[in-house]
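Welcome, and thanks for opening the viewer. Let's take a short walk through this model, one selection at a time.

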Amino acid sequence: MLRRDVAEEGRHTYVRPLPTLGPTLLTGDPEAVAEIVNHPALDAGRGIVGLRAILGSRSLIMSDGEEHTRRKAVVAPSLRGSALDAYPPLFERVTRELAATVPQRFSGHALVHAISLHAIARVMFGEQDPATTREAVHQIDRFLGTFHHPLPLFVQPLQVDLGRWSGWGRALRRKRAVVELCLAHLDRGHGMLAELRSRAPDVPAEELVDEVLALLLFGHDTGAAAMAWALAHLHAHGHAERAAEDEAWLEACLRESMRICPVVPHLTRVVREPVRIGGFDLVEGQRVAPSPWLAHHHPAWWPEPDRFDPARFERPPAPNTWFPFGLGARVCVGRPFVMLQMRVVLGTLLRVLPARLAEGWAPRPVRRLVLVVPDRGVPMERVSAP
Ligand code: HEM
């Protein structure tokens, strides 16, 4: 058992049983978080065993140590720096196209979810052929839809292929359809798929496709949820107009939105050998969960933590007090990509879609599987341009 032998007032570190994980050390204390980051006795890849069944054990998110470093080096360059130069016009186009289709009343979350899906399909497969884009949107949506009812992922006896009507059989077929589509486009010279292929000619095609599936799985719902929060906060707290004109302010609003409601509430590490963290003795197999949610609401670092105040980000935050994208060697590989996407999509939406939150609705967090999202899908309505 975990033993608590430090009970210092104000330390945001405690043990709590978490669903499917058992007793887990949760912490939002920057000192304890610093102890955890890159600790050699803690594994990250092992923390997401459920997904191993569908993604296999080959992708970077499932690996640890040198294997993890090697795999991260394959995908990271496609998601940062000059590799991103081509994407702002694509993000803006997709946003304008979909914003033009929304009815008088709409769900802000559904809108940014659709934008993110269409954007990732065009990023991965290129924009040359509308039929390919349509097929990619359809297949990716079906594949990711599997994870909205993920019971079979965590309950091994349910992982039996009983044909296309069984949950597990459906998951495998949907995955196969995306894999086939990716394999067919890997060598065609379009989109991020082709770029990955040219940067990593020695990695077997199926392995590269596993990385792509992981990017889709970890990038799409998280990005959409973060944009839904940002849309809600921008409108709820009266920042929409200023953020539409002032990119630095928009960026501060996005960071503050991710502080107040980080969509990934905690990271998960598995103890490989006995270790002491934050004053707790832990043994092999136990979980440690540095929590952006706890850290971002720590009143010593964020006075009045529940108040939305983008001006907090006029200065960089203290180390280990703000980590919506994780930390250290495991930091989110999609961060530069998704920050750019959020800036362009939200900046465009604020300019082309005059709208307000539905009367009486205010942002409230609810848990949806591993993510924390705004409740009721952010109900909104269009207003006529002044
Ligand atoms: C706002 C949107 C996003 C948020 C809040 C987010 C959050 C995170 C967090 C907290 C982690 C660290 C997990 C850990 O330490 O255990 C992570 C890792 C990861 N993210 Fe993201 N993410 C976002 C968008 C994306 C996108 C767009 C992609 C891909 C295009 C992506 C791909 C990944 C991958 C592959 C990892 C694993 C990195 C590793 O293990 O080294 N994420 N993300």
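**Stop one: the sheet**

Start by selecting E4 and strand E6 (residues 269–271): two bridges join them, and they run antiparallel. Strands here are DSSP runs (E, at least two residues; helices are H or I, at least four), numbered from the N terminus. Leu42 stands opposite Val271 in E6.

Before you go on, two notes on reading the model. It is a predicted model, in which local features need pLDDT of at least 70 and side-chain atom pairs count only at pLDDT 80 or more, while totals for chains, interfaces and linings use all residues. Residues are numbered from 1 along each chain as its sequence is written.

Now widen the selection to the open sheet of five strands, with the order E2-E3-E9-E6-E4 and mixed pairing. Strand E2 (13–18) and strand E4 (42–43) are its edge strands, each pairing on one side only; two strands pair if DSSP finds at least two bridges between them.

**Stop two: helix H12**

Next, select residues 247–260. This is helix H12, whose 14 residues reach 20 Å from first C-alpha to last, close to the 20 Å expected at 1.5 Å a residue (the expected span is 1.5 Å times one less than the number of residues). Which residues of H12 are buried? Color Leu250, Cys253, Leu254, Glu256, Ser257, Met258, Arg259 and Ile260; buried means that 20 or more other C-beta atoms, placed from the backbone, lie within 10 Å of a residue's own.

Technical notes
A residue is buried if 20 or more other C-beta atoms lie within 10 Å of its own, exposed if 12 or fewer, and partly exposed in between; C-beta atoms are placed from the backbone.
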